[in-house]
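This briefing takes one chain from its overall make-up down to single residues. Please keep the sequence and the coordinates at hand while reading.

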Amino acid sequence: MNALLALSRLIDAINTAVGRCVTWLTLVVVVISAGNAVIRKLFQTSSNAWLELQWYLFGAIFLLAAGYTLLKNEHVRVDVLSSKLPRRAQVCIDIFGVLFFLLPACVLIAYLSWPMFMDSYVTHEMSSNSGGLIRWPVKLLIPVGFSLLILAGISHLIKCVGFLMGRCPDPGAREEAESAEEALAREIAEEARQREARELGQRQPGDDGEGR
């Protein structure tokens with residue numbers, strides 16, 4: 001089990017490194033998108049190459065970060081029924097889901113997408129749009145992204161088994177970090193309290209309208 005947990009830590013390190021690099025692509029996509037919009041409005045011109053690069057990077061963000069998202073337990077989960085079960089039962093459901101749904105689907109997609117990438121690479125497939133980009137890099141994102149998700153699924157499976165054996169923490173526990181929505185709500189509440197305190201402090205004993 002120690003070897004499997006070490007493998008899980010290695011997989012998590014790989015997905016963490018990829019995820020952190022991919023986060024910077026968000027800034028790149030925003031800059032490219034804003035640049036395309038400004039050039040189109042000011043100069044009445046556009047470039048299919050820059051537009052397609054924007055799409056490629058957008059796809060890279062979602063495909064390459066899928067494994068990192070699973071690692072952080074941030075995928076959408078519909079736990080209407082399982083949330084009422086004991087935690088060990090929930091972990092058993094996770095194991096079943098990874099073995100019979102996540103891994104088979106990801107392996108199938110990665111397997112089917114590889115020949116599509118190879119055909120595009122061998123034929124040097126180009127975009128059908130005028131001035132567009134070469135196609136094989138974006139098609140490579142599919143098998144690579146799902147391979148990272150497969151690795152993340154294997155890591156999650158190991159940690160689930162380790163949790164049931166009492167060898168590692170709960171893999172489904174979310175980090176206790178404050179979300180952006182929670183931080184915003186806290187700031188709004190704090191501003192409201194400060195405003196109320198200032199209003200109370202500005203009131204004088206005779207402000208109720210009573211004369212002396």
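How many helices and how many strands are there in the chain? The chain, seen here as a predicted model, holds 6 helices and 0 strands, and its elements, read from the N terminus on, follow the order α-α-α-α-α-α.

**Whole chain**

- Of the 212 residues in the chain, 29% are buried.
- When contacts in the chain are taken between residues at least 6 apart in sequence, 73% of them join residues that are at least 24 apart.

**Helix 1 and helix 5**

- Helix 1 covers residues 2–43 and helix 5 covers residues 136–164, and their axes come within 9 Å of each other while crossing at roughly 140 degrees.
- Angles over 145 degrees would count as roughly antiparallel and those of 65 to 115 degrees as roughly perpendicular, and helix 1 and helix 5 are therefore described as oblique to each other.
- The handedness of the crossing between helix 1 and helix 5 is left-handed.
- On the side of helix 1, the residues that meet helix 5 include Leu-4, Leu-5, Leu-7, Ser-8, Ile-11 and Asp-12, and among their counterparts in helix 5 are Leu-148, Leu-151, Ala-152, Ile-154 and Lys-159.
- By class, the residues of this contact of helix 1 with helix 5 divide into 11 nonpolar, 3 polar and 2 charged.

**Leu-7 in helix 1**

- Leu-7, which is found in helix 1, has a relative accessible area of 37% and is partly exposed, because that class lies between the buried limit of under 20% and the exposed limit of over 50%.
- Leu-7 and Ile-154 are separated by 147 residues in sequence, whereas their C-alpha atoms are 9.3 Å apart in space.

**Glu-52 in helix 2**

- Is Glu-52 buried or exposed? Glu-52, placed in helix 2, which spans residues 48–64, has a relative accessible area of 0% and is therefore buried, given that buried means under 20%.
- Leaving aside residues up to four places away in sequence, Glu-52 touches Ser-127, Asn-129, Gly-132, Leu-133 and Arg-135.

Methods:
Residues numbered from 1 in each chain as written. Predicted model: local features only at pLDDT ≥ 70, side-chain atom pairs only at ≥ 80, totals over all residues. Heavy atoms only, no water. Helix = DSSP H or I, 4+ residues; strand = E, 2+ residues; numbered from the N terminus. Buried < 20%, exposed > 50% of the residue type's maximum accessible area, 1.4 Å probe, protein only. Contact = heavy atoms within 4.5 Å. Axes fitted to C-alpha atoms, helices over the stretch in contact; angles between N-to-C directions. Parallel < 35°, antiparallel > 145°, perpendicular 65-115°, else oblique. Left-handed = near helix turned anticlockwise from the far one by under 90°. Nonpolar A, V, L, I, M, F, W, Y, C, P; charged D, E, K, R; others polar.
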